[in-house]
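Visitor: I am new to this structure, and I would like to understand the words used to describe it. Could you take me through them one at a time?

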Amino acid sequence: MGQTAAMCPAAPRGGGAQQATWQRVRRASPRLSTAAVRRMEALPWFAALSAEQRSWVGLVVQSGLASFAGWFRDTSGPPTADVAIFAAAPREMARAVTLQQTVQLIRATVEVLEEAVPTLAGPGPGEAALLERAVLRYSREVAFAAAEVYAAAAEERGAWDARLEASVVEALARGDVGEAVQSRAASLGWGRPGWVLAVAGDAPVSAADSAVAELRTAARHTALSLLVGDHGGRLLVVVGGAGGAAAAVTQVVAAFGSGPVVTGPVVDDLVAAAGSVREALAGLDAVAAWPGAPRPVPTQDLLAERVVLGDPDARRRLLEETYNTLASAGGDLLDTAAAYLDAGGSVEGTARALFLHPNTVRYRLKKVTDLLGLDLSQPRDAQVTRIALTLGRTSSL
C-alpha cells in the first residue's frame, strides 16, 4: 500500500527528485510519523481518544508518509493519494474522528514535513523547492482522498440509519417498544423531548424524499426529534419536542401529500408513543368517512367513524367520554339530548315530548355543550352524540 514503493532501493527515474533527497525522505518517514503524532497530542480532542484510536491515527500517518515517499521517486506523474492510505485504520475511525478533525491531522503532518524540508533536501540546486512543491501537491491529494473516505462512510451510514429508523417506526406501529427499540432510537438522535405524538397521512406523490429531507432540516433548526417511516404505503412521523406541539404539527404536516392527515394524542415519551401511533393509524383508516375533516384532524375527533369500523378503543372512549359523562351528570341531560336528537333538532318538539318549557330545554342543551364540547344543533356533533347514545343503549346487550 505505498510502503513497498517507499522501501524499494531503486533510484528515482527521470523527472523525479535527486536520489539523495528521495533516500532521506524514505529513511525519515518513521521519524516524521512519530513527530507528527506527537504534534497532534496538543489537540484536545486527539488527547481524548483512546490509546487504540490514537494508534489507528499513527498507522494512517505512517501509511501516508510511506506513500508520499513512493510517489516522490518520480514526480513527473500526478500524485495519487489512494484511499487505501486510510485502510490502515478500521472503519470505526470515521466515527471516532470527524472529517474536520482529519483535516487537522493532515495539516499537522504537513507542517512537520515542511519543517523538515531543509534537512531532507539534497545539496542539488532547487531540490528544497522541489520537495516543498511535492509536499503541497501530495497533501492536497490526501485531503481529497480523506473526503472520499468520509463521503463513502456517510453514504453507508445513511443507508444503515434508514434501515434502523424503519425498524423503529415499524416496532412502534406494532406496539413493541422495549429497551432495544429505545436504544436504536437514541442512536438515531432521538433525545428526551417533553412531549411526543404521531402524525399519519399519505406521502407526497412526487419528490417524497426531498419533502422528508426538508422536514428533517427544519426539525434540526427547531430542536425537534423525528422518526420517519413508511407503514403500508403511508407516511408515518413520530415527532417529539419541547413547548407547544401545535407549531411542530404544522411543520410536520407540510411534508405530507395532499390527502388527509391525522394526529395521534400527545404522550409523555417514546414508550407511550406506540399508543399515539396506533390511534393515528386508526384515525387515518376512518377519516374518509368525514369528507369535511380539517387537515390535520386529531384522531380524537374521529371516534364516531372509528366506531363504525369496529375500533374497540374508539368504542370504549366514545362510550365513556360521551354517554357515561351525560348519564352521570344528572339533571336529565341524557334524556334531553336523546329527545332533542329524536325531534330532529327542534327545541319546541323536545319541550313537548318532555313536557318542559322551551327555555328549560335550551338551558339543558347549553349544559350538554359545556360538558361535552359538542353542540347538538350542529350536524357533525349531533351525529357523534347519536352514535354515542346508540353505544350506551346497547352496551349491556
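This is a predicted model: local features need pLDDT of at least 70, side-chain atom pairs count only at pLDDT 80 or more; totals for chains, interfaces and linings use all residues.

Visitor: What makes Val112 count as buried or exposed?

Guide: The relative accessibility of Val112 is 8%, and a residue is called buried when that value is under 20%, so Val112 counts as buried.

Visitor: Which residues does Val112 touch, leaving out those up to four places away in sequence?

Guide: With those set aside, Val112 touches Leu32, Ala35, Ala36 and Arg39. Arg39 is 73 residues from Val112 along the chain, while the C-alpha atoms of these two residues are separated by 8.2 Å.

Visitor: How do you know whether Thr21 is buried or exposed?

Guide: Thr21, which lies in helix H2 (residues 19-40), has a relative accessibility of 1%; since the limit for a buried residue is under 20%, Thr21 counts as buried. Apart from neighbours within four places in sequence, Thr21 is in contact with Phe72, Leu120, Ala121, Gly122, Glu127 and Leu131.

Visitor: How much of the protein chain is made up of buried residues?

Guide: Buried residues make up 46% of the 397 residues in the protein chain. The chain exposes about 19,900 Å², and carbon and sulfur atoms supply 55% of that area.

Visitor: How many helices and strands does the protein chain have?

Guide: The protein chain has 18 helices and five strands. Among its contacts between residues at least 6 apart in sequence, 70% join residues at least 24 apart.

Visitor: Which residues are buried in helix H11, and why are they said to be on the same side of H11?

Guide: In H11, residues 246-253, the buried residues are Ala248, Val249, Val252 and Val253. They cover an arc of only 135° around the axis, and this puts them on the same side of H11. On the other side of H11, Ala246, Ala247 and Thr250 are exposed. As a general point, an α-helix has 3.6 residues a turn, so residues three or four places apart point the same way.

Visitor: Why are helices H14 and H18 called roughly perpendicular?

Guide: H14 (residues 312-329) and H18 (residues 379-394) pack at an angle of about 100°, with their axes 9 Å apart. Angles of 65 to 115 degrees count as roughly perpendicular, and H14 and H18 are therefore described in that way. Where they meet, H14 brings Arg315, Leu318, Leu319, Thr322 and Tyr323, while the residues of H18 include Val384, Ile387, Ala388 and Leu389. Sorted by class, this contact has eight nonpolar, three polar and two charged residues.

Visitor: What makes H15 and H17 roughly perpendicular to each other?

Guide: H15 and helix H17, residues 358-372, pack at an angle of about 105°, and their axes are 10 Å apart. That angle is set against the range of 65 to 115 degrees, and H15 and H17 are therefore roughly perpendicular to each other. Leu333, Thr336 and Tyr340 in H15 meet residues of H17, among them Val361, Arg364 and Leu365. By class, the contact of H15 with H17 has six nonpolar, one polar and two charged residues.

Visitor: Why is Asp332 called partly exposed?

Guide: Asp332 lies in the loop between H14 and helix H15 (333-342), and its relative accessible area is 44%. Buried means under 20% and exposed means over 50%, with partly exposed in between, so Asp332 is partly exposed. Phi of Asp332 is near 55°, a positive value in a residue other than glycine.

Visitor: How do you know whether Ala223 is buried or exposed?

Guide: Ala223, in the loop between helix H10 (208-221) and strand E2 (225-231), has a relative accessible area of 62%. An exposed residue has over 50%, so Ala223 is exposed. Its phi is also positive, near 60°, in a residue other than glycine.

Visitor: What makes the peptide bond from Arg295 to Pro296 cis?

Guide: Omega for this bond is near 0°, and the bond from Arg295 to Pro296 is cis. Pro296 has its place in the loop between helix H12 (270-286) and strand E5 (297-298).

Key:
Residues are numbered from 1 along each chain as its sequence is written. Side-chain values use heavy atoms; hydrogens and water are left out. Axes are lines fitted to C-alpha atoms, for helices over the stretch in contact, and angles run from 0 to 180 degrees between N-to-C directions. Helices (H or I, at least four residues) and strands (E, at least two) are DSSP runs, numbered from the N terminus. Angles under 35 degrees count as roughly parallel, over 145 as roughly antiparallel, 65 to 115 as roughly perpendicular and the rest as oblique. Contact means heavy atoms within 4.5 Å. Ala, Val, Leu, Ile, Met, Phe, Trp, Tyr, Cys and Pro count as nonpolar, Asp, Glu, Lys and Arg as charged, and the others, Gly among them, as polar. Buried means under 20% relative accessible area, exposed over 50%, partly exposed in between (1.4 Å probe, protein chains only). Accessible areas come from the Shrake-Rupley method with a 1.4 Å probe; for residues, only the protein chains shown count as cover. The arc is that of the directions from the helix axis to the C-beta atoms.
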